[in-house]
Amino acid sequence: GVYTRTRVPVDGGSVLVVALDLRYHKSPYTNVDGDFLGEAQWVWLEETLKTVKEDAVVLVSSLQLLDERYGLGERWGRFPA
């Protein structure tokens, strides 16, 4: 997959921008225990977040994170695990 992180300097500090790849390892929606990231990206994300030294983190996701209004469609809530 294609995922990355980059440090962006801002006045008085820095921001870590983390961009996720939600397509390459996406499980089929018929797999109720599936996920979007795949094992390698989950490990990378966990290590990235554990070692943050920047003042803020911006997580870039191509899917809705908090919208639970619809039962179907592209959103993180489709894979509750």
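Predicted model: local features only at pLDDT ≥ 70, side-chain atom pairs only at ≥ 80, totals over all residues.
Rings of Phe, Tyr and Trp (its six-membered ring) count as a pair if their centres lie within 6.5 Å; planes under 30 degrees apart are stacked, over 60 edge-to-face, and the rest tilted. Residues are numbered from 1 along each chain as its sequence is written, and side-chain values use heavy atoms, with hydrogens and water left out.

**Aromatic pair**
- Tyr3 and Trp44 form a tilted pair, 4.7 Å centre to centre with 55° between the planes.
- Tyr3 lies in the segment before β1 and Trp44 in helix α1, 41 residues apart (helices, H or I, of at least four residues and strands, E, of at least two are DSSP runs, numbered from the N terminus).
- Tyr3 is partly exposed at 27% relative accessible area, whereas Trp44 is buried at 17% (buried is under 20%, exposed over 50%, partly exposed in between; 1.4 Å probe, protein chains only).

**Salt bridge Glu54–Arg7**
- The closest N and O atoms of Glu54 and Arg7 are 3.9 Å apart.
- Glu54 is in the loop between α1 (39-50) and β3 (56-60) and Arg7 in strand β1 (residues 4-10), so the pair ties together parts 47 residues apart in sequence.
- Glu54 counts as buried, at 17% relative accessibility.

**Salt bridge Glu46–Lys50**
- The side chains of Glu46 and Lys50 meet at 3.3 Å, N to O.
- Both residues lie in helix α1, four residues apart, about one turn of the helix.
- Glu46 is partly exposed at 42%, and Lys50 is exposed at 57%.

Technical notes:
Salt bridge = Lys/Arg side-chain N within 4 Å of Asp/Glu carboxyl O.
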